[in-house]
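Hi everyone, thanks for coming.

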Amino acid sequence: MISFRNEVIRVTTGEKIRQARKEAGLTQKELGEKLKVSQAAIAQYENEKSNLQLHTIRKIADALDCSVNTLIDDWSAYPLDERKDFFLYGGKIASISSNVKQLTFEAMNKVEEYTKDLLEIPKYRNSLTEPGPDEPPQEPDSSDTPK
């Protein structure tokens with residue numbers, strides 16, 4: 001937000017992306033090439049014609065070599081679950097979900113089976129994960145215990 005003569009002017013995420021892109025000396029086409037999206041997609045981002053998810057904003061920030069905070073105008077505009085995913089898991093859940101949506105139903109079933117298999121291997125279980133109703137609580141890893 002910018003204050004001008006006691007008037008608050010809100011700078012949107014799209015405007016912040018445009019500003020950061022220009023500061024980086026990139027055209028919309030060049031930024032699109034870095035992100036593997038079209039110039040039209042970048043124009044939509046900058047003109048607020050697309051609802052950007054946090055994992056997409058992170059990719060844009062990485063491409064522009066700036067922080068995500070530089071580009072976001074209002075964190076509360078993002079659902080709590082998306083913010084949790086972003087801060088706790090680095091946006092991995094949204095990214096995986098986006099990738100899975102591009103798969104066939106058969107491939108989605110394979111992803112589901114594979115994740116179930118991974119959960120059977122203790123080193124791949126997240127310590128933040130709540131045990132299911134039929135599972136005993138997970139014992140803490142002894143390497144995490146302070147000495």
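Let's start at the end of α2: the residue that follows this helix is Lys36, and its phi is positive, near 60°. Helices here are DSSP runs of H or I, at least four residues long, numbered from the N terminus.

Quick housekeeping: this is a predicted model, where local features need pLDDT of at least 70, side-chain atom pairs count only at pLDDT 80 or more, and totals for chains, interfaces and linings use all residues. Residues are numbered from 1 along each chain as its sequence is written, and side-chain values use heavy atoms, with hydrogens and water left out.

Okay, so which residues of α2 are buried? In this helix, residues 28–35, they're Gln28, Leu31, Gly32 and Leu35. Buried means under 20% relative accessible area and exposed over 50%, with partly exposed in between, using a 1.4 Å probe and protein chains only. On the other side, Lys29 and Glu33 are exposed.

And what covers the buried residues? That includes α1 (13–23), α3 (39–46) and α4 (54–64).

Now α3: its axis and that of α2 come within 8 Å and cross at roughly 105°. Axes are lines fitted to C-alpha atoms, for helices over the stretch in contact, and angles run from 0 to 180 degrees between N-to-C directions. The contact (heavy atoms within 4.5 Å) is made on the α3 side by Gln39, Ile42, Ala43 and Glu46. From α2 come Gln28, Lys29, Leu31, Gly32 and Leu35.

Definitions and conventions: Helix = DSSP H or I, 4+ residues; strand = E, 2+ residues; numbered from the N terminus.
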